[in-house]
Amino acid sequence: MTVSALADHIATVGLIDQHAHGCWVTAGDRRRFENRLNEANTEPLAAFDSGFDSQLGFAVRARCAPLLGLPRHVDPERYWQRRSQSDEAEVARTFLGAAGVTDWLVDTGLDEVADVATMRALSGDRAHEVVRLEQVAEQAAAAPGDYAAAFEDILQRRAATAVATKSILAYRAGFAGDLSAPSAAQVSRAAARWRDNGGVRVCDPVLLRFGLHCALRLGKPLQLHVGFGDRDADLRTANPLYLREFLQQAGDTPIVLLHCYPYEREAGYLAQAFNHVYVDGGLTITHLGARAPAFIARLVELAPFRKIVYSSDGYGPAELHYLGAALWRTGLHRVLQGFVEDGEWSEADAIRVVDLIARGTAARIYRI
Amino acid sequence: MTVSALADHIATVGLIDQHAHGCWVTAGDRRRFENRLNEANTEPLAAFDSGFDSQLGFAVRARCAPLLGLPRHVDPERYWQRRSQSDEAEVARTFLGAAGVTDWLVDTGLDEVADVATMRALSGDRAHEVVRLEQVAEQAAAAPGDYAAAFEDILQRRAATAVATKSILAYRAGFAGDLSAPSAAQVSRAAARWRDNGGVRVCDPVLLRFGLHCALRLGKPLQLHVGFGDRDADLRTANPLYLREFLQQAGDTPIVLLHCYPYEREAGYLAQAFNHVYVDGGLTITHLGARAPAFIARLVELAPFRKIVYSSDGYGPAELHYLGAALWRTGLHRVLQGFVEDGEWSEADAIRVVDLIARGTAARIYRI
Amino acid sequence: MTVSALADHIATVGLIDQHAHGCWVTAGDRRRFENRLNEANTEPLAAFDSGFDSQLGFAVRARCAPLLGLPRHVDPERYWQRRSQSDEAEVARTFLGAAGVTDWLVDTGLDEVADVATMRALSGDRAHEVVRLEQVAEQAAAAPGDYAAAFEDILQRRAATAVATKSILAYRAGFAGDLSAPSAAQVSRAAARWRDNGGVRVCDPVLLRFGLHCALRLGKPLQLHVGFGDRDADLRTANPLYLREFLQQAGDTPIVLLHCYPYEREAGYLAQAFNHVYVDGGLTITHLGARAPAFIARLVELAPFRKIVYSSDGYGPAELHYLGAALWRTGLHRVLQGFVEDGEWSEADAIRVVDLIARGTAARIYRI
């Protein structure tokens, strides 16, 4: 084997994208597009700003432009013009197809994007559902009768055809408080209060904790949003080290820490500390663009190599589903080739680790 | 364009140093000099130590020595001997002139150094005032009558000819508490208490918060010390993620996060999350010396490229005003050239981003 | 001098390993070995996992295999087979001897491994004791009479032939609370309570603080576990920035922050901020394997060059005692050679800094 064997392998390995959302299926304007190039801001970009003037924006121009028949680094105007000539489904087929993904795990908790079947159709790949617990909570609030029973019932039913659950606790209450299982009486009281207030957007820590512990009992992997996301979350209390006690109580159910920036080293430590904890770079890789290799390098520090998985967290423009994969391939190649050239890793080991991260571990824990 | 076009551009672009203090104008001994090469320690260096045995000390010998006609890496003794042969003003002219700065924004809150006019005269460049809010508070404490009215009046008057305000809240109370606007009654009571105690060194959170909210209403950019500085600040509560609620309340006034180490990634996230937040490497770049490129690379991760500015935070020896610029040029070139060589950025984009960081964004927000 | 002078020097300099534990002296099975390749987990590795599939596991195969006459990157089966053909003492002699260490500072607070005399015999080097304060506490609990007097007496007696003390406060209470010296009455009450409960595993913050302040008065360097270790410690409150007030009270006694991941930049800041604070990469370097250079680079950011020391924290398999040294040599060479090639450091300075970290500073503070 030569170093190019590693390069060839990373370039072609079929990925399990273990956490994504649907791509857009309806047309939108340039404003919508540019705002989606900024993850953290919850308001429209300021007039002086442009979503293109960021690492992600530069990555779109460098890496997505050629798939639309444009030169690398094409200016934003031409990129947008060409993209607008296709309908959103055609754009999605182009970028989903180019990602080299075999299986999409789709968190269906967000609206106005492709559902699992549409992701399947647009990509030509397999697609599986990830059930968002906070959505189950809202469904249970709207159901008649006992909240806890309704939650368990809906979760059981939906999870029967799903591969995992997902929680956005980081957005709703943060990790800094008590995360133990609440009593039935606590759940009942909290649910009554919430239903009286309309039962939308669950933020009550008791109900969030109840959902988490139901998911643990279910036994399918539980994905947790960690770190970087939009500013509705307090990034300070989205530090996964706050999860220590919860992880100690979590039994054997695999728990996957998503995104993790700037706590990827803390997350890697947890993946070493707990047999059932996994780590994923998620949307961080997409948003770091040219800086993705430095982040990927930190993902392969303390985390055991059988505890790291891949996802794009793509949501909206299918460029994101593609860039996650493309930047992961380039970045991981850069990092692992360096280890091989330094003599610290063999190339055969590097190829084996690529397979573990690309799909082996995800196939094991999600049973796909 | 070739890669050297980028190198040439970074080497020559005129900088807006958007946060500095005056340089020394009076002679001092070697002890004073070596102590200023250590930022964090508030006590004299131990007898076993030397300010020269640090990244900054090595940078002085590598980069400043040639400007004094000495060989690169000259030993500390010869450096100090040669430096002592010139008076402080002559040293200042040498290093300020070599920085390639067109505009110095001078925080005038520190004594025993050059004022704005002297910075202008020594450098031959433009210089503008940044008003330190905690100094305004002390002036208001010493003024007759109502504290709040005096504060507002002094701030209005001083800010009329200034380009920005600055707060050292990180040093006085940290970011971990309530940062909302206090009521008039709270300010009145806190001011009375503080005046009774002598009115020096404002540390009362109520008065610090009052100053911040006055500055927000003023509308000129507000600079905040964040992260690395001397140990009078608790580095733990100088984490900018504690500012989340304050930033949500801050309206449109630009807020510039200075220095930021080791929270530069958190600061970059905030610059993406809030339209009015900006990030600056400040004195970190100077103190990291040979390690500055790694830090600069992290500054261009999540922060949008129109939200990053340059400063030296130079204070005391004019070597610091020069090294900030010199290390920024080398480090940013290293980082951006890497992106260009990887094919992730075009060289034209790299040059445009250099201009944004060097002066474009600062010119926009400070209106200079 | 050429760049190879630096390489030669780093490859051969005799190290003071300023914090290690004994190596194994009795035979064990592969399960024991693989579990020791994972530091953070306190439970047996899961059936799907292997201690070899980690940066440390790869480092064992890359770097230790040749010392057993095996090819670099040999597969785990053959590595284990060959290792099992020797008894543990023979393995220890091989790896301790290859580390290039002149002095081992041995924390004797862990059982079932070599004691100081055995480390001396196996390595053929000098070995010195580091007294673990929590072990002294347990000895004092078991002694008759007043606890405080017993503690002080045992500490004085044991420290007479030791070079330092060590605390694992991070494991027992974390750094987030009050760390001031307790009163005699507080100590007396806490000791009575603890003795009533059996006097094993001291976790009472009062008694832990009492031990720390006794150690400060003793004047010999105090080593503190910081950051990365096993999950019995809460990594979140093992952040050394919580130590600020304690360090302000600590007088002149050298305090050495061990391991520090992921807080090595915070620890470097403290080493700059306090004349008596030192920083060490410890077991982090061993566990990061191919990623060790990136970590070592961050250790030489803010920490003054006379405030950085070396240790392996080896414990159990003597591979760890060897890998600490081997990875430190390679990593530090990579980092410093980069500085020299960039023109930021002279090679002579780089060699001098190597000597300071390798042994100069440790020799000074431990008086060996």
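Predicted model: local features only at pLDDT ≥ 70, side-chain atom pairs only at ≥ 80, totals over all residues.
Residues are numbered from 1 along each chain as its sequence is written, while chains are lettered from A and ligands numbered from 1 in the order in which they are written.

Helices (H or I, at least four residues) and strands (E, at least two) are DSSP runs numbered from the N terminus, and two strands pair if DSSP finds at least two bridges between them. In chain A, eight strands make an open sheet with parallel pairing, in the order 1-2-3-4-5-6-7-8. Strand 1 (15-20) and strand 8 (308-309) of chain A lie at the edges with a single partner strand each, so one side of each has no neighbour in the sheet.

We can now turn to how the chains are arranged. Two copies of a chain are related by a rotation about an axis and a shift along it. Chain B superposes on chain C by a rotation of 120 degrees with 0.0 Å of shift along the axis (RMSD 0.0 Å), by least squares on the C-alpha atoms of residues with pLDDT of at least 70 in both. That is the relation of a three-fold axis. A rotation of 120 degrees, again with 0.0 Å of shift, also brings chain B onto chain A (RMSD 0.0 Å). Among the residues of chain B, B:Ala294 comes closest to the rotation axis, with its C-alpha at 5.7 Å. Only 3% of the interface residues of chain B are also interface residues in chain A, so these copies meet through different surfaces.

Where chain B meets chain A, 32 residues of chain B and 42 residues of chain A are in contact, meaning heavy atoms within 4.5 Å. Chain B and chain A bury about 3400 Å² between them, 49% of it on carbon and sulfur atoms; buried area is the accessible area (1.4 Å probe) that two parts lose on being put together, summed over both. On the chain B side, B:Arg265, B:Asn275 and B:Glu344 lose the most area to chain A, together 21% of what that side buries. Seven salt bridges are counted between chain B and chain A, each a side-chain nitrogen of Lys or Arg within 4 Å of a carboxyl oxygen of Asp or Glu. One of them links B:Arg265 to A:Glu264 (2.8 Å, N to O). Helix 12 (244-249), helix 13 (264-273), helix 15 (292-299) and helix 17 (347-366) of chain B are the elements that give two or more residues to this side.

The area buried between chain B and chain C is about 3400 Å², with 49% from carbon and sulfur atoms. Eight salt bridges are found across the interface of chain B and chain C, including one between C:Glu301 and B:Arg291 (2.8 Å, N to O).

Terms used
Heavy atoms only, no water.
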